[in-house]
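Here is a short briefing on a protein model.

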Amino acid sequence: MSDPLFPDGTCTQQHAVKNRYQTEIFNMAETHSLQDMRQQAAVAAKVFVQRDYTSGTMCQFQTKFPSELETKIDKQQFEETIRTLNNLYAEAEKLGSQSFIEGCLACLTAYTVFLCMETHYEKVLKKIAKYIQEQNDKIYAPRGLLLTDPIERGLRVIEITIYEDRSFTR
Amino acid sequence: MKNCEYQQIDPRALSVSPLSAQNPAETKAQRPRRKWEAFPGKNRFFCDGRLILARQNGVLPLTLGLIVVTSGLFFAFDCPFLVEHLTVCIPVIGGLLFLFVVASLLRTSFTDPGILPRATAEEAADIERQIDTSGSSTYRPPPRTKEILINQQVVKLKYCFTCKMFRPPRTSHCSLCDNCVERFDHHCPWVGNCVGKRNYRYFYSFIISLSFLTSFIFGCVVTHITLRTQAGKSIVLAIQESPASVVELVICFFSIWSILGLSGFHTYLVASNLTTNEDIKGSWSSKRGAEESGNPYSYSNILTNCCVTLCGPMPPSLIDRRGFLAPDEGIPVASASEIELPPFTPKSEANMCTQSTKDVLERMLRSSDFHGLCPSGTPKTSPLVPEVPGAPPAAKPPVSSGCSRQLAHGAVVDPCPPFSKSIRRDSLHSINPAFRLASPSPTLSRSVLVVGDGPDVGFPPQH
């Protein structure tokens, strides 16, 4: 019988391709299963970690441990996450020679250099996004929590969503 | 092709394959909207969200026009004579300065000044809860302030009722644009935008380069007329031979006073790490003598202050203009009560560049309402408006005040093609797709929660 998608292929070829496709879809299903579970889980609460302005307008977040997370996650781990994020943001906003050179170069080229170059801040923001994703996958998702990248909230808060603990009972 | 059916797998169940055109049918039926179309502030967007401008941008074409006309007259009438009698460097230097001025001006006008997106409903609710329970904040509803310590100095953070959040330090709400802007300096009608954290350096380079340009043109024109007079002619005859020079002289003469003054003022601000807003309000006025010890943001070193303000790292745009709204999502950052999408027809109309710039020109011609313009009344030459709502206009904007006064110009009509590349890059900078791709799940879960049911929702297209 001929597969409508592969009218000209041989039987084995069709099956091989189909198997590959099935595997691929299954893998995608696995990666998306986390999101599926979150879609099915209900949000119990949202906790907001506010900004810490004691050292000025630099982007730093408060390391105070929110009381709603006491039963969910270890305090040390949480503080570690926040501290790493703070360090990353400090690195992004650091006034080093690199940013100075970048600024001067931009000025000299009438700011056209940003057509071909990414700013230092953006490079670090990518790093931050990756770190948050990794933290979510490894630490927070298994506990029914989800960190939202602060850039999606205008760098005002770190939003932590607490999911109801029903699909995560293992 | 669309009807291919697998025996074992139905691709529609996962709708990740390109063949599942049927499932997100509603998404494809209506064009996915970008976030700028639902932006709650009073801004205009051009080139599909790449360029941002204040709604009241009436004077920008005037500024641009004045610059271009004056420079044009200079190149056309004065340069030939000066090249002949002096050196060919003159038009070269003039040309470079002119290009730099225009680039800085357009960059200032069309860059997001550091707008803070409004708080989401959950954030606002959380803040309200904290205000009610905390003992240190004022308990009575208005005014809501929060006191924090910055560098051992007490700073009051005010609550913004429009954006539903406590404003970060140095942030101010611009009533003309209806946005909170970080490190808000002032709303400049001459550039048609707020000047804030992200575009202050462009603004500063604009006024500095404009000072140089006007001084340069002024000097060259004076030299030109002098040279003509020296050849034995009377000054009247010299002027008659080159009438454009008089026009340039007049424009430059009046410009120089205001522009140089403004440059000097902003150089002082940069050196002491102040904003116009703070300076006008006297937030850190020297109660303790001559040192700028009132300002908790100032480093003790002038050079460091300059570097921080002008050469610091370029912060990203916090409003995601070109991201897509999820099909069932209204405003991504809603004011507390509304989740539905209010009709923002002016913005969809303003999608076309030429259409919107025509609007701009018409508005400029029609409006004599400079209520955003230049109140005098401050001892310094700071002719620009702080975000005082409905600030009464100066009697009329006198020619000698204001950042710059240059006439309208036709090249504004089609700004997109020459700048599309820079703008594309700007959009890539402002809204980095990597952010959305790196953490797709929060967006998904968030959008799904708004809808209310989980399963069977296909993955909305990320881009």
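Two strands pair if DSSP finds at least two bridges between them. Helices (H or I, at least four residues) and strands (E, at least two) are DSSP runs, numbered from the N terminus. By these terms, chain B holds an open sheet of three strands in the order 3-8-7, with antiparallel pairing. The model is predicted: local features need pLDDT of at least 70, side-chain atom pairs count only at pLDDT 80 or more, and totals for chains, interfaces and linings use all residues. Residues are numbered from 1 along each chain as its sequence is written, chains are lettered from A and ligands numbered from 1 in the order in which they are written, and side-chain values use heavy atoms, with hydrogens and water left out.

- Strand 3 of chain B runs antiparallel to strand 8 (residues 179-181) of chain B, and two bridges join them.
- B:Ile115 sits opposite B:Val181 of strand 8 in chain B.
- The loop between strand 7 and strand 8 of chain B holds B:Asp178. B:Asp178 has a positive phi of about 60 degrees, yet it is not a glycine.
- B:Asp178 counts as buried at 19% relative accessibility. Buried means under 20% relative accessible area, exposed over 50%, and partly exposed in between (1.4 Å probe, protein chains only).

**The hairpin of chain B**
- Strand 1 (residues 43-46) and strand 2 of chain B pair in the antiparallel sense over four bridges.
- These strands form a hairpin with four residues between them, and B:Cys47 in the turn has a positive phi of about 55 degrees.
- B:Phe46 has B:Leu51 of strand 2 in chain B as its bridge partner.
- In a regular strand the side chains alternate between the two faces of the sheet.
- Strand 2 (residues 51-54) of chain B is covered on both faces: B:Leu51 and B:Leu53 are buried on one side, B:Ile52 and B:Ala54 on the other.

**A buried aspartate**
- B:Asp112 lies in the loop between helix 4 (89-110) and strand 3 of chain B.
- B:Asp112 is buried, with a relative accessible area of 0%.
- Contact means heavy atoms within 4.5 Å. Beyond its neighbours within four places in sequence, B:Asp112 contacts B:Ile52, B:Arg198, B:Ser317, B:Leu318, B:Ile319 and B:Arg321.

**Cysteines**
- A disulfide is a pair of cysteine sulfur atoms within 2.5 Å.
- B:Cys177 is in no disulfide, and the nearest cysteine sulfur, that of B:Cys194, is 3.4 Å away. B:Cys177 is buried, at 2% relative accessible area.
- B:Cys307 is in no disulfide either, and the nearest cysteine sulfur, that of B:Cys311, is 5.2 Å away. B:Cys307 is partly exposed, at 23% relative accessible area.

**Chain B overall**
- Chain B has 15 helices and 10 strands.
- Of its 463 residues, 53% count as buried.
- Among contacts in chain B with a separation of 6 or more, 69% join residues 24 or more positions apart.

**A loop in chain A**
- A:Leu155 lies in the loop between strand 2 (145-148) and strand 3 (157-163) of chain A.
- A:Leu155 is not a glycine but has a positive phi of about 55 degrees. A:Leu155 is buried, with a relative accessible area of 6%.
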